[in-house]
Amino acid sequence: MTTADRLTGPAPAPGAQSRVERGAGGTARKHPRPARSGRRRRRAVALLYLLPALLPYTLFAVLPLLHTAYLSLFDWDGVTLPSFVGLDNYGRIVTDPQLRAAAWHAGALILFFSVLPICLGLVSAAIVSRRAGRRGTTLVRTVLFLPQVIPLVAVGILWRWVYAEDGTLNQALRAIGLGGLTDAWLGSFTWALPAVGLIGSWVVSGLCMVLFLSGTQRIDPEIYEAARMDGAGPVREFTAITVPLLRPEFAVALSITVIAALSSFDLIYITTGGGPGNSTVVPGILIYRLAFGGGAVGVASALAIVLTVVISIAVLVINRLSREAP
Amino acid sequence: MSPSPSSLSRRTFLTATGAVGAAALTACSDLTPGASSSEKSSSGPVSTAIPADEKITLVVADADDTTMTPGLIAAFREKHPNITVKRNYTGWDDYLKSINTTMSADSAPDIAQFTSGMQNLVPGRLLLKVGEYGKAYGWAEKFPGLDQITLTPDGKTVGTGDLYGVGAGLSFEGVYYNKAKAQKLGLTVPPATLDELEALFAKAKAAGETALVAGNLDGGLNHAFNVLLSAYLTPKDREAWAYGHQSATIVLPEAEKAAETLKRWVDKGYVTPKVNGVSDNDATAAFAKGEGVFRISGNWAAAAVAEGLGEGAGYFNMPPVTSGGKVRTTGAGVYYCVSSKSKNAAAVAAFLDFTAGAEAAAITAKAGFMAPDAGAMPSQSGLLGDVQQGWQTVVKDAGLQPFIQNSSSPTMGDTLTTQLQLLAGGKATAGKFLAGLQTDFENYHK
């Protein structure tokens, strides 16, 4: 039975019934045909069920994407009549040095948006799950997940205060006698990108933790018990059981966070706007600048398409790799 | 699971998706909704009469965060009870990025605050040429600085072509200072030349003070750079570049002097330390709280500075390069332009004209702007009075010049911010900095 058949099993019964009856009245040779058309009909009904989701998805996701791809072939300022330029916009993207910098920054952000949060999320999930049921775990879980609930714009403003010259971070450094290390973090050519990246880590870690927590709950406690019988400590339990069995959660966490890293915009727009110089410029910022400030809608669309393709490939690769047997 | 039905259903699914897509694509015939050139954009024969018995609704879109625009609207409505004026306020950054789309819509506001980037609306014929109304009302005599909203048909050059609006409230930049600290440090103000100003900076720095309070996280050093350019560059070169004239350049020895001066101020430690990490607003706030000695900013900051420093707040115009030279500074203002889609052009023109009157001058001045009718501005005391006096000198010397990032190219705001951060961060020399600006200019005017 196909998925569609299972989904639509009972609904088309009367129609199918009548066909079968008609088929029964004919010769035996004609039997297969009505059966096939019945299946097709069921499939049509299945599509009807999909329509409520399919229609908005097509209207609000597929069509705008196609429209963007179409616009990427034009030189258009967003106001006057556009002129067709073919693939010129894509050529401009490949040769733009600013864009190469943006690609590097997006790559660096994967470290902060994916690698770091996944490590932190994993460790905190392991700790929280071992303490499950004890007092305070719910509170810890809530607090760690909280950044995920705050709008990113608010997060950005919050961290601007933290990173400011007389912000909490510098105050803390001065309080412990490290006043010499203080900096205007978001204005530093060296530190702006890591500073922005760490905000991302702060936001995403909670999500990763919750993902991994739900994963650990799925793992049979008997496996842990068996390991404990064999004399495994918490660390061994973590590396030998928790990590390997969380493979599906890894795939989900990695996909979500890599998408967040590559398509990041709001955090950077609020905190540094791409500065100082171009040291935190990412593709999202460039798309926004080009389309809304620079009146280069065609180039911006081309860049958006390239970014979409790159992200799709990244997610495909992640899923393919995680599907393979350990 | 048999493979054939599954692949068939997937194909059907894709076909269905494609069909829906194709249908919707053909449904919207206008995939790139550029303005057609048939739209009317000239006002034609006009008069200054406003229909008094007709109910008219005007919509104003603006990013004016002072009391000026709402004040003018309220006063205008009181004078013309049959005209309802609705206001759509948007924050500055969002306004800059969205106004072109707003003006392209069929429901475009009648009046919009003119900002950089809106030049693109001119070739799209989305702005109304108001030259005829200007003649009928005599705006050339009423409004200073109309050249900043006069554009060529391709929208790329400012200062020549057709008039698209008026400047209701003007702004300009100068130097604020902390009177108490200046006195304590024995600084003689106002300085007669730029060199003297720099000597004051050095003295303040030697006394352990931040000489020039600034914030460059969002490119706030452009205030200092713009006024330095005003002082060094000839008005002709300045305007040619700022207004985006063909083959204009900023790679000039005088401009390099201005950029080097700014860089020296940063390098010698006169400017707020780690200036790239401080926002422009935070710099004003810090200065108003008593930090530092000098601050280069516009008259829009006067209210905040006066509130913070009270009687201890002082102001002088940016000094010229040589003693006794003409005062030149940078300024802009709140300019209103008109949508070519407006159905009530006569009422709109009446509103624009209203902003030049004596009644409007009081509202404009109260909001911290310089009114077009300088004589009608109520005289003020304290810091606001000093600023007002400074404005009179600027007008007398015809020293108001446009910001270089407003109309030179649509992307110049972002580019100038980036380049100033590189300059202040020690990542670019004055020459490289100017070359960076020129590249942006040439990308647009090629």
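# Close-up views of a predicted two-chain model

**View 1. Strand β3(B) and its two partners.** Two bridges connect strand β1 (residues 56-62) of chain B with strand β3 (residues 111-114) of chain B, and these two strands run parallel. Helices (H or I, at least four residues) and strands (E, at least two) are DSSP runs, numbered from the N terminus, and two strands pair if DSSP finds at least two bridges between them. The bridge partner of B:V60 in β3(B) is B:I111. With strand β9 (residues 329-338) of chain B, β3(B) pairs in the antiparallel sense, over four bridges. B:C337 in β9(B) stands opposite B:A112.

The model is predicted: local features need pLDDT of at least 70, side-chain atom pairs count only at pLDDT 80 or more, and totals for chains, interfaces and linings use all residues. Residues are numbered from 1 along each chain as its sequence is written, and chains are lettered from A and ligands numbered from 1 in the order in which they are written.

**View 2. Chain B as a whole.** Chain B has 18 helices and ten strands. Of its 446 residues, 53% are buried. A residue is buried if 20 or more other C-beta atoms lie within 10 Å of its own, exposed if 12 or fewer, and partly exposed in between, with C-beta atoms placed from the backbone. Two residues are in contact if their C-beta atoms, placed from the backbone, lie within 7 Å. Among the contacts in chain B between residues at least 6 apart in sequence, 76% join residues at least 24 apart.

View 3. Helix α7 of chain A, residues 152-163, has twelve residues. From first C-alpha to last, α7(A) reaches 16 Å, close to the 16 Å expected at 1.5 Å a residue; the expected span is 1.5 Å times one less than the number of residues. The buried residues of α7(A) are A:V155, A:W159, A:R160 and A:Y163. Seen down the axis of α7(A), these buried residues fall within an arc of 140 degrees, so they line one face of the helix; the arc is that of the directions from the helix axis to the C-beta atoms. They pack against α6 (137-149), α8 (168-175), α9 (192-218) and α13 (266-271) of chain A. The face turned away from the buried side carries the exposed residues A:V153, A:A154, A:I157 and A:W161.

View 4. An unreviewed UniProt entry gives the annotation "transmembrane region" to residues 46-66, 102-127, 139-162, 191-213, 250-270 and 290-318 of chain A. UniProt positions are given in the numbering used here, feature names are shortened, and annotations may be inferred rather than shown by experiment. In the model, residues 102-127 of chain A are 100% helix and 0% strand, with end C-alpha atoms 37 Å apart. Residues 139-162 of chain A are 92% helix and 0% strand, and their end C-alpha atoms are 24 Å apart.

View 5. A:I93 is placed in helix α4 (residues 88-95) of chain A. A:I93 counts as buried because it has 20 C-beta neighbours inside 10 Å. Leaving aside neighbours within four places in sequence, A:I93 is in contact with A:L99, A:V299, A:A302, A:L303 and A:V306. With neighbours within four places again left aside, the contacts of A:L303 are A:I93, A:P283, A:L286, A:I287 and A:L290. A nonpolar core is a set of buried Ala, Val, Leu, Ile, Met, Phe, Trp, Tyr and Cys residues joined through C-beta atoms within 7 Å. The largest such core has 201 residues, of which A:L303, B:L212, B:L262 and B:V305 touch the most other members. The largest share of this core, 14 residues, comes from α9(A).

View 6. The peptide bond from A:G275 to A:P276 is cis, with omega near -10 degrees. A:P276 lies in the loop between α13 and α14 (283-293) of chain A. In chain B, the bond from B:V189 to B:P190 is cis, with omega near -5 degrees. B:P190 lies in the loop between α6 (179-185) and α7 (194-206) of chain B.

View 7. B:R125, which is not a glycine, has a positive phi of about 55 degrees. B:R125 is found in the loop between β3 and α4 (131-137) of chain B, and it counts as buried, with 20 C-beta neighbours inside 10 Å. B:K274, also a residue other than glycine, has a positive phi near 50 degrees. The loop that holds B:K274 is between α10 (253-267) and α11 (280-288) of chain B. B:K274 counts as buried because it has 20 C-beta neighbours inside 10 Å.
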